[in-house]
Amino acid sequence: MKSLKERILELKKEKNAVILAHYYQEADIQDVADYVGDSLGLSQEAMKVDADIILFAGVHFMAETAKILNPTKKVILPDLKAGCSLAESCPADTFKEFTAAHPDHIVITYVNCSAEVKALTDIVVTSSNAVKIVESIPLDKPIIFAPDKNLGKYVMEKTGRKMLLWDGSCVVHEAFSLDKLVALYKQNPDAEIIAHPESETHILKTANYIGSTAGMINYVKTNPSNKFIVATEAGILHKMRQEVPNKILIPAPSNEDNTCACSECGYMKMNTLQKVYDCLLNETPEIDVPDDIREKALIPIERMLELS
């Protein structure tokens, strides 16, 4: 019998489909993907797709973004329940009231939000380009930054710009335990700590490097150090280990006493290799974004891609 991976690869050819996967997906899914990346890379890659079907192995807002960029293509998601705690922390109706109360502000939202929130936005950003884009805004223009308050605080510190922050956060990146991290570092004083800017400020203050998932991978590839403590979702370690097989990579510990002793996104892990196969076979669940929302949401995404 053919393996599940082989059957998925055959289905991709048969249906003229591509699989885009986020770094936080399980290793088996990353292995069958045509492209593995972070939010910015996936957005850029989605624009290049010439296949008929895009299977997005990630979470709901990512598949929505692919559909916004590719309205004529069929976009499918292995599990429709694969959401995002950060996106859910910013309901569109409440956010609309918030922006309406500050009509003079430029609205910048992190890509980790719903299509409806993007439609209320002037410019979308990712963790890769947030600092650059905020720096491009004229100093006399006040800024709303949503939904991630931790990324917002980091951007404020890097740019010196005061921004009005929405009070949202990612449960995965807020799960890191400072006490456990310090204890782990004491056991590995030769390690460098690298962290994602969605992490809380006290975690970022320990880091030798702060950056997006793609930035973190590039850092471990180019840095001469041989050992790294990695403070982001543990799924990134699969790609990192492929890129630097001779280096030691240690997941930063979380407050939760789980089996991996690291921080994992339950939403990301809802997608499985079997669900990827079933999704391709049946071409469902399909992601749809209403035209009025899609057209408004496309504008800030295109602005981001131009500035990137």
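How many helices and strands does the protein have? The protein has 15 helices and 12 strands. Helices (H or I, at least four residues) and strands (E, at least two) are DSSP runs, numbered from the N terminus. The model is predicted: local features need pLDDT of at least 70, side-chain atom pairs count only at pLDDT 80 or more, and totals for chains, interfaces and linings use all residues. Residues are numbered from 1 along each chain as its sequence is written, and side-chain values use heavy atoms, with hydrogens and water left out.

**View 1. The whole protein.** Along the principal axes, the C-alpha atoms fill a box of roughly 55 × 50 × 30 Å. Of the 308 residues, 57% count as buried. Buried means under 20% relative accessible area, exposed over 50%, and partly exposed in between (1.4 Å probe, protein chains only). Among contacts between residues at least 6 apart in sequence, 63% join residues at least 24 apart; contact means heavy atoms within 4.5 Å.

**View 2. An open sheet of 4 strands.** The strand order is β6-β5-β7-β8, and the pairing is parallel. The edge strands, β6 (123-125) and β8 (164-165), each pair on one side only. Two strands pair if DSSP finds at least two bridges between them. Strand β7 (residues 143-146) is joined to β8 by 2 bridges. Ile-144 stands opposite Leu-164 in β8.

**View 3. An aromatic cluster.** Phe-95, Phe-98 and Trp-166 form one aromatic cluster. The structure holds 5 aromatic pairs. Rings of Phe, Tyr and Trp (its six-membered ring) pair if their centres lie within 6.5 Å; planes under 30 degrees apart count as stacked, over 60 as edge-to-face and the rest as tilted. The ring centres of Phe-98 and Trp-166 are 5.2 Å apart and the planes are at 80°, so this pair is edge-to-face. Phe-98 lies in helix α6 (residues 92-100) and Trp-166 in the loop between β8 and α10 (178-187), so the pair ties together parts 68 residues apart in sequence. Trp-166 is buried, with a relative accessible area of 11%.

**View 4. Tyr-219 and Phe-228.** The rings have their centres 6.2 Å apart and their planes at 80°, so this pair is edge-to-face. Tyr-219 is buried at a relative accessible area of 16%. Phe-228 is buried too, at 0%.

View 5. The structure holds 0 disulfides. A disulfide is a pair of cysteine sulfur atoms within 2.5 Å. The cysteine sulfur closest to that of Cys-90 is in Cys-113, 6.8 Å away, too far for a bond. Cys-90 is buried, at 2% relative accessibility. Cys-84 is buried as well, with a relative accessible area of 11%.

View 6. A cis peptide bond joins Ala-146 and Pro-147, with omega about -10°. Pro-147 lies in the loop between β7 and α9 (149-159). The bond from Thr-284 to Pro-285 is cis, with omega near 5°. Pro-285 lies in the loop between α14 (273-282) and α15 (291-307). Glu-283 is also placed in the loop between α14 and α15. Glu-283 has a positive phi of about 55° although it is not a glycine.
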